[in-house]
Amino acid sequence: MSFSSYQLNSLEAYRKAYQESLRDPEGFWAAIASDFLWHQKWDQVLEWNFREPKIQWFRGAKMNITENCLDRHLDTQGDQPAIIWEPNDPKEPHRTLSYRQLLEEVCRFARVLGKNGVRKGDRVCIYMGMIPELAIAVLACARIGAIHSVVFGGFSAQSIADRIQDASCSHVITCDGAFRGARDIPLKSVIDDALTQCNTVKKVIVCRRTKTPVSMIQGRDVWLEDELEKLDRSASFPPAESMDAEDPLFILYTSGSTGKPKGVVHTCAGYMIYTNYTFVNVFQYKPGQVYFCTADIGWVTGHSYIVYGPLSAGATTLMFEGIPTFPDAGRLWEIVDKFRVDTIYTAPTAIRSLMAHGEAPLRNKDLGSLKVLGTVGEPINEEAWQWYHEKIGKGKCPIVDTWWQTETGGIMISPIAGLTPEKPSFATLPLPGIQPAIMDEKGKELQGNGVSGNLCIKFPWPGMIRTTYGDHERCRKNYFEAYPGYYFTGDGCLRDKDGYYRITGRVDDVLNVSGHRIGTAEVENAINMHTDVVESAVVGFPHPIKGQGIYAYVICHHQVKEEMTRKNILETVTRVIGSIAKPDKIQFVSGLPKTRSGKIMRRILRKIAEGEMNNLGDTTTLLDPSVVDEIKKGKL
Ligand code: WTA
């Protein structure tokens, strides 16, 4: 039982696997799947159509993902570290959990969930900081077949309430607080605010971390440590729940072009196989190596490449509680040095922000253990790529620029470390099993190389989205309607003369701010909640560190004190969504450029925000072209 049978080891092997995956997709994935633990094998590898859409992988099979992530490694590596956890404060000791210990913790947590009434199929909202108990909570849900919905610790009470209501969660798992850099975030108190609006939640399980005072509501709130204490130590572990391959594993909310985030649903077996296959191949993980992904488990990268991918491969996954710049900009490099990290996987925005601190933070840090560098979340600009390559990888480490999405479950287009010749700012080639298509504006697939358009995928892969929670029609409309017969990614893309793919950014109204997806409509809704605001329009603009910044044009009811209103609007957005969605610039305007039918011409606003004032294209269809001059004059 090891991944050695399908870990690619040469460019030729990649090309062969790719061809094989085209010729016989079902045979290709079935061969990989046969390496895993199943309670019962499948009757059919794949059934699909993109019309409904209906996507089923390994139908009829029974399994549990946590047995594949934990139990199956015990014989060979029970005492190897599964998770190394580095706290926010470098003075606090780190923790290591072996595979055996992690399994034990997961089973104990699973029993606490059971005792508190969590049942198979229930939705559990998890709102925690980056501590081992977060990974344990996620796995404990999966162990008993509960569906986890992790909400990033930076979201506001309102955002959490929306997500809890959308999924009718019965339970919440949280912490008293979370340490993030110099800050201490009062998670439990945010949950208390959120729960004033949610009547489906029966119990809240609270893990102690920061010792922040919290209010515990009788009958609803319990301390994790008390619940663990109460367990009968002599009782044997309950068996892992036997799940259907297509039972939901988790829901993860993400932004789209409408005002309301959607709950992307992933299922058990396909997601497991896809995250495992992509993890062992893209990073070329070798047994014994230490792998460090700097993402938060609140985002899909943390789900797939801190928890499920690495653990299903028996890897050592390093989990970091803090942020790259605390206590100083050398923190990540100190961690690499301390644990002799082999692979680091991070976001371009983090690289750019560390680059801005110069080379001093790198002094006295031995980065010689690094073998593979990865990036994810947004296009990486060439300057950041070169800095990463030279200063971190010392010119000897391959960089994998991995393109994928919450909806795809795992990496889709990426170099295979050390095998695929790289080209800075190109995600390069599709992984085996992935069939990209570039579409023109008429909906025709563009053949051959040297083309650009909208990126679609034309054949299912095991890790793909199955539905959006509670609203399948929304899933169809969002991803399968624009190009019938294709999954539409929402990204623009070009394929160069060598057949290499370069992702050029979103083509819908979704921004990518510091690698976080934020819908412009969501930010507008939040701004519009402020009493002084009549209307607003939000667009992105190029930002040197964040990739994209948020530019808001706002119309107010009457003459307002601009500074005051600006502050209040920021406060409103923080309260409604969270501080990640705060506009970088707010320009007060008396009108917005609209067509005669009342549609805001965002193209014009985008150009102005980008500073391309003289190239606004046709403005003659505007109801009142004079607002454009006013907006241009007031540009921030
Ligand atoms: C963008 C994150 C360019 C893209 C895993 C996509 C990228 C969105 C890359 C998904 C990359 C992600 N190069 N753009 N290597 N990786 N993106 O759902 O626009 O948070 O659609 O998933 O990030 O963001 P999400």
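Two strands pair if DSSP finds at least two bridges between them. Strands (E, at least two residues) and helices (H or I, at least four) are DSSP runs, numbered from the N terminus.

The model is predicted: local features need pLDDT of at least 70, side-chain atom pairs count only at pLDDT 80 or more, and totals for chains, interfaces and linings use all residues. Residues are numbered from 1 along each chain as its sequence is written, and side-chain values use heavy atoms, with hydrogens and water left out.

**View 1. The open sheet of 5 strands.** The order is β22-β21-β23-β25-β26, with antiparallel pairing. β22 (445-446) and β26 (501-506) each have a single partner strand, so one side of each lacks a neighbour in the sheet.

**View 2. The pairing of β25 with β26.** β25 spans residues 487-495 and pairs with β26 in the antiparallel sense over 5 bridges. Cys493 has Ile503 of β26 as its bridge partner.

View 3. A side-chain N or O atom of Asp401 lies 2.7 Å from a ligand nitrogen. Alone, the ligand exposes 530 Å², and the protein buries 96% of that (Shrake-Rupley method, 1.4 Å probe).

**View 4. The shell around the ligand.** The shell holds 17 residues, each with a heavy atom within 4 Å. Asp401, Thr402, Thr406, Asp491 and Arg517 are the closest. α11 (300-312), β20 (399-402) and β26 each give two or more residues to this shell.

Definitions and conventions:
Polar contact = N/O pair within 3.5 Å; in protein donor to acceptor, adjacent residues only side chain to side chain.
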